[in-house]
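Trainee: I have a new structure open and would like to go through it with you. Can we start with what to be careful about?

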Amino acid sequence: MTEFTTRPELSGTFGAVASTHWIASAVGMRLLEAGGNAFDAAVAAGFTLQIVEPHLNGPGGDAPILAARADDAQPTVICGQGPAPSTATIAAFDERGLEMIPGTGLLAACVPGAFGAWMTLLRDFGTRSLRDVIEPAIYYARAGHPLLGNAADAIASVATLFADEWTSSAELYLTTGGIPAAGSLFRNPALADFYETLLAHAEAVSGNREAQIEAALAYWYDGPVAETIDRFMRTTEAMDTSGRRHHGLLCGADMNGWRPPVERPISIDHGDYRLFKCGAWSQGPALLQAIQILKGTDIGAMPPESADYVHLVCETLKLVMADRDAWYGDAIPDGVLDDLLSDTYAAERRALIGGAASHELRPGSPLGLAPRIPSRRQKTASAGVAGGGEPTMARPLEVNALQRGDTCHVDVVDKWGNMVSATPSGGWLQSSPAVPGLGFALGTRMQMFWLDEGLPGSLAPSTRPRTTLTPSLAYRDGKPYLAFGTPGGDQQEQWSLLLWLAHAVHGRPLQAAIETPAFHTNHMLASFWPREAQLGSLVLESRFPAATIAGLKARGHEVTLGGPWSEGRLSACALDRQPGGSLLRAAANPRGMQGYAIAR
């Protein structure tokens, strides 16, 4: 008997798209129908997500991407995470009397990397024109789209801030009647105008596809966009989570000449699979570390709904997240990442897992080096300024509460076997005031730096913050097999691990794996302002059996029950090669009631 799932296990032979919004998935399939490949479809879906999920990402944000052609020996990493400004130093924040980089406003803005990442993917991997991939976004910005309930809640939570302080945002998001209603037709004509201007410029430069993309990149990083952002940063003081107004540090010179780094991924083997992630400038290694630890256990014999399983996975996550906080960053010492992913190190860490829940932060000592947990943490948060905090899908959004942003995700596989996984985020509407003339806000990813000296993730000019954004891509038998990921800040790798274990270890189909009851821990230093840790915490969906919940409490976990469908927004696409031909599969999360998968 087939196990019940809320949505069908989608499969086909032509193409598959899955994302965190049904319109973006439909746009991606439109590009495949028009003859584009997986990379074209992902770019079009990515630009559309900026429009239809404005509270979760925007053009001024970030977008790490994993892209694999059907015959590539390994995926390519396109690092859409921009670096800190050249004047961003620890001393600069000390001079301003700040113990922590604010979670909103202009001070936390890095070079916006999402646009460059999408253009790089289109230029190097795609086949369609700039117009083909950006026109759907222009259409929805101009004609409108049904405003998501969570987006309406996000606007409501910062409406006073917009009206009193961020007036450029008020012009975009507050209607004549006040706060736009959930489900109402919402437009962003300023963003539509900007993208049309950019497109017209690129097409005027050349009729050649690649030349148009290069012209668009130059327009953004070397021309009018950089100039507009520079002028806004110099002339505007914006209220932020410190409770004070600050100018930004980002300037046009920081953007001039910047292009997304194209890198090799990191990876581990797991049975018949090889799993690929971005490097230590992301939290991607955490998933690989967790799998290395769990490979030496009998996790496959533990039902995912059992207390034994949840305890083992949770304790594993606590260890790898402690390593993340101590060791990950753009300045990770040579050789440390290799040791963190080694079998020997995994065995050392595995030996620390006992029968009771840990309530300590326990980073390890790769290469025998002494770990340091960052110590500069703001003691009191500014209660009067909305918009900051950690992205989360675990709690319902409340009007007038401290509003949190989040993230999006898109996966695509095409009939040729090309595959892409991308996690765009940042630059959401509640992150910072909209830049006049552009129709979007800048991101606040710089808040993920530490203001302690000498850590791999310490703030330094022109370096990348250790982002939470972390797409995943797996090969099977040497060929691209599975693209997957989720929004969720510090929970991204946790929920991705649960999908991977349910599918690759326990053999559950993609949709059933996504719908398996899920959980997460906040037993780490939060990546987002105000960077709090909740030691011993374990948040469970209430669908877990009562015996499991009781068993976890008995082991000392600080259990919090969320709603029955409250953990994560995973999506995934797979290419299942069979003797008679290949099947393309797609799955998306019912949680949040907006993610959607399409396959035919």
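Trainee: Where does pLDDT stay under 50?
Mentor: One such stretch is residues 390-404, for which the model has 51 contacts beyond four places in sequence. Here pLDDT is the predictor's confidence in each residue, from 0 to 100, and contact means heavy atoms within 4.5 Å. Residues 376-384 also stay under 50, with 21 such contacts.

Trainee: What does the chain average?
Mentor: The average pLDDT is 94, and 95% of the residues score at least 70. This is a predicted model: local features need pLDDT of at least 70, side-chain atom pairs count only at pLDDT 80 or more, and totals for chains, interfaces and linings use all residues. Residues are numbered from 1 along each chain as its sequence is written, and side-chain values use heavy atoms, leaving out hydrogens and water.

Trainee: New topic. Is Asp-254 buried or exposed?
Mentor: Asp-254 is buried, meaning under 20% relative accessible area with a 1.4 Å probe, protein chains only.

Trainee: Which backbone nitrogens does its side chain reach, then?
Mentor: A polar atom of the Asp-254 side chain lies 2.9 Å from the backbone nitrogen of Ser-86. The side chain also reaches the backbone nitrogen of Cys-251, at 2.9 Å.

Trainee: What else does Asp-254 touch?
Mentor: Not counting residues up to four places away in sequence, Asp-254 touches Pro-85, Ser-86, Val-111 and Leu-249.

Key:
Buried means under 20% relative accessible area, exposed over 50%, partly exposed in between (1.4 Å probe, protein chains only). Lys and Arg count as positive and Asp and Glu as negative; His and the chain ends are not counted. A salt bridge is a side-chain nitrogen of Lys or Arg within 4 Å of a carboxyl oxygen of Asp or Glu. A polar contact is a pair of N or O atoms within 3.5 Å; within protein, one must be able to donate a hydrogen and the other to accept it, and residues adjacent in sequence count only if both atoms are side-chain atoms.
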